[in-house]
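Student: I would like to learn how to read packing and backbone features from a model. Can we start with helix pairs?

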Amino acid sequence: MSLSILVKSGIIVTQNWKREVFKGDVLIEGDRISGVGHVKARPDEIIDASGCVVMPGLINCHTHVSMALMRSVADDVKLEQFLDKTFALDSKRTPEDVGIGAALGCLEMARSGTTTLLDFYYSEDVIAKAVEKIGLRGYLGWTVLDEKFTTQKGKPINNCENFIKAHKNRPLIKPIISVQGVYVCSDETFMQARALAKKENTFCQYHLSETRYEVYEHAKKTGKRPVEHLADIGFLAKGDVAAHGVWITINEVRELAKAGVSVAHCPTSNMKLASGGVAPVPEMHAEGVGVCLGTDGCSSNNSLDMFLEMKFASLLHKAHRWDATVLSAQKVLDMATVDAAKAIGAEKDLGSIEVGKKADIVIIDAKKAAMVPTRPDNAIANLVYASPSQAVRDTMVDGKLVLRNGKIVTIDEAEVVAAAENAAQGLLDKSR
Ligand SMILES: [Zn+2]
């Protein structure tokens with residue numbers, strides 16, 4: 001028998017098609033939402049949400065979660081030094097380090113209202129264990145690249161296929177394919193990834209046009225910009241998620257729209273690494289490209305906080321366009337919830353608080369100073385522009401609480417933190 005839980009008397013930010021916000025209740029039965037509004041029920045359990053905002057869990061559409069272990073290892077340096085430093089550390093990592101880093105990253109996500117992540121890494125089998133243990137929802141993509149560029153044992157495409165086969169039909173894990181990018185992937189590698197996606201009924205995510213260097217080097221080699229090139233070889237496909245998309249022209253924006261590829265915008269990572277330029281998100285919206293948000297990894301961000309990502313996304317485009325009306329609070333919240341759900345093909349299950357959807361829900365204590373005053377009419381602005389992550393009280397995924405009254409209930413948080421500190425120190429010692 002499945003448990004029923006009534007989340008009572010909160011300000012509910014539904015993210016339904018009318019974008020309604022009202023005071024009311026949410027009924028959860030098993031892993032799904034079965035009532036929203038003024039619900040009369042005799043649940044097994046009541047969670048009092050008075051004085052709280054109840055919202056859909058946030059979806060982080062681009063991250064390398066286990067790099068949480070490499071937080072703040074290479075800051076305020078040029079991209080080449082950043083890459084040297086992070087690659088040097090990365091090459092020393094054991095699968096155990098990857099698992100500990102993933103657990104640390106998942107803790108941070110649960111504490112900052114993220115319920116679903118799209119992860120991009122190798123050793124995703126180890127990451128899947130950490131994600132399942134804490135109880136988040138993971139779309140996990142094993143990285144595929146040309147054999148000559150990798151430190152993976154065996155062929156990356158085979159490793160990816162094995163990972164997919166071993167992780168199908170799990171409630172919280174959806175195996176996907178990560179293609180590193182044009183700078184380390186031949187056309188053949190791209191098309192092998194596409195064939196695998198078709199065969200396994202999944203989708204591809206890839207880094208795309210992140211830096212000017214990447215775009216111009218590719219154009220020098222092939223005569224085409226990366227998006228044009230990937231369109232020409234027949235790689236782009238509906239349902240894919242391309243991360244970054246900073247250096248793309250309006251024609252490339254249209255190409256992505258035509259192909260049905262969404263873009264995971266990563267404003268913090270792009271600003272911090274000084275990728276230069278700003279992803280043309282208003283044009284993507286105007287041309288019908290789905291845009292979601294990602295934090296990227298902890299060595300370039302250095303946070304996995306999606307509330308911060310929403311704020312920076314909005315502010316970056318306002319500052320860049322000299323226009324306070326672009327990327328409104330409502331729109332960036334959409335990008336982290338309903339638009340993200342659509343980008344990953346999960347719009348029937350995720351992204352909003354509506355009857356029939358999965359119970360991925362976050363409750364924020366709106367009596368914390370940083371959130372006062374919160375009313376239905378300003379709740380969305382507070383979620384985006386104030387500091388909600390310090391007020392996240394409960395995080396529920398698939399009908400089960402991961403964070404309850406500010407305490408992680410699925411794993412021993414202190415144990416993970418201690419292990420992460422040790423592993424991070426071990427990595428620094430090894431790389432000296
Ligand atoms: Zn990335």
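Tutor: Two packed helices are described by the angle between their axes and the distance between the axes. Here the axes of α11 and helix α12 (residues 329-336) come within 9 Å and cross at roughly 135°. Axes are lines fitted to C-alpha atoms, for helices over the stretch in contact, and angles run from 0 to 180 degrees between N-to-C directions. Helices (H or I, at least four residues) and strands (E, at least two) are DSSP runs, numbered from the N terminus.

Student: What does the angle make α11 relative to α12?

Tutor: Oblique, so that is the word for α11 against α12. The classes are: under 35 degrees roughly parallel, over 145 roughly antiparallel, 65 to 115 roughly perpendicular, and the rest oblique.

Student: What kind of source is this, and how are residues numbered?

Tutor: This is a predicted model, with residues numbered from 1 along each chain as its sequence is written. Local features need pLDDT of at least 70 and side-chain atom pairs count only at pLDDT 80 or more, while totals for chains, interfaces and linings use all residues; side-chain values use heavy atoms, with hydrogens and water left out.

Student: Which hand does the crossing of α11 and α12 have?

Tutor: α11 passes α12 in a right-handed crossing. A crossing is left-handed if the near helix is turned anticlockwise from the far one by less than a right angle, and right-handed if clockwise.

Student: Which residues of α11 and α12 meet?

Tutor: From α11, Met-306, Met-310, Ala-313 and Ser-314. They meet Val-332, Leu-333 and Ala-336 in α12. Contact means heavy atoms within 4.5 Å.

Student: At what angle do α4 and α5 cross?

Tutor: At roughly 15°, with the axes coming within 11 Å. α4 and α5 are therefore roughly parallel. This crossing is right-handed. In α4, Ile-157, Cys-160, Glu-161, Ile-164 and Lys-165 take part; in α5 they meet Gln-192, Ala-193, Leu-196, Lys-199 and Glu-200.

Student: On to rings. How many aromatic pairs does a search of the whole structure find?

Tutor: Five. Rings of Phe, Tyr and Trp (its six-membered ring) pair if their centres lie within 6.5 Å; planes under 30 degrees apart count as stacked, over 60 as edge-to-face and the rest as tilted. Take Trp-142 and Phe-163: the ring centres are 6.0 Å apart and the planes are at 45°, so the pair is tilted. This pair links distant parts of the chain, 21 residues apart. Trp-142 is in strand β8 (residues 137-144), and Phe-163 is in helix α4 (residues 156-166).

Student: Are Trp-142 and Phe-163 buried or exposed?

Tutor: Both are buried. Buried means under 20% relative accessible area, exposed over 50%, partly exposed in between (1.4 Å probe, protein chains only).

Student: What geometry do Phe-190 and Phe-235 show?

Tutor: Edge-to-face: 4.8 Å centre to centre, with 70° between the planes. Phe-190 is in helix α5 (residues 187-200), and Phe-235 is in the loop between α7 (226-232) and β11 (241-244), 45 residues apart. Phe-190 is buried at 1% relative accessible area. Phe-235 is buried at 0%. Ring pairs also join Phe-190, Tyr-206 and Phe-235 into a cluster.

Student: Which charged end sits over the ring of Phe-235?

Tutor: That of Arg-194, 4.4 Å from the ring centre. The test is NZ of Lys or CZ of Arg within 6 Å of the ring centre and within 35 degrees of the ring normal. Arg-225 lies over the face of Tyr-216, at 6.0 Å from the ring centre.

Student: Now the backbone. Where are cis peptide bonds?

Tutor: One runs from Asn-301 to Asn-302, with omega near 10°. Asn-302 lies in the loop between β13 (291-293) and α11 (306-321). Another joins Val-372 and Pro-373, with omega about -5°. Pro-373 is in the loop between β14 (361-365) and α14 (379-385).

Student: What is the phi of Arg-19, and of Asn-405?

Tutor: For Arg-19, phi is near 55°, a positive value in a residue other than glycine. Arg-19 is in the loop between β1 (4-13) and β2 (21-29), and its 27% relative accessibility counts as partly exposed. Asn-405 has a positive phi of about 50° although it is not a glycine. Asn-405 is in the loop between β16 (400-404) and β17 (407-408), and counts as exposed at 57%.
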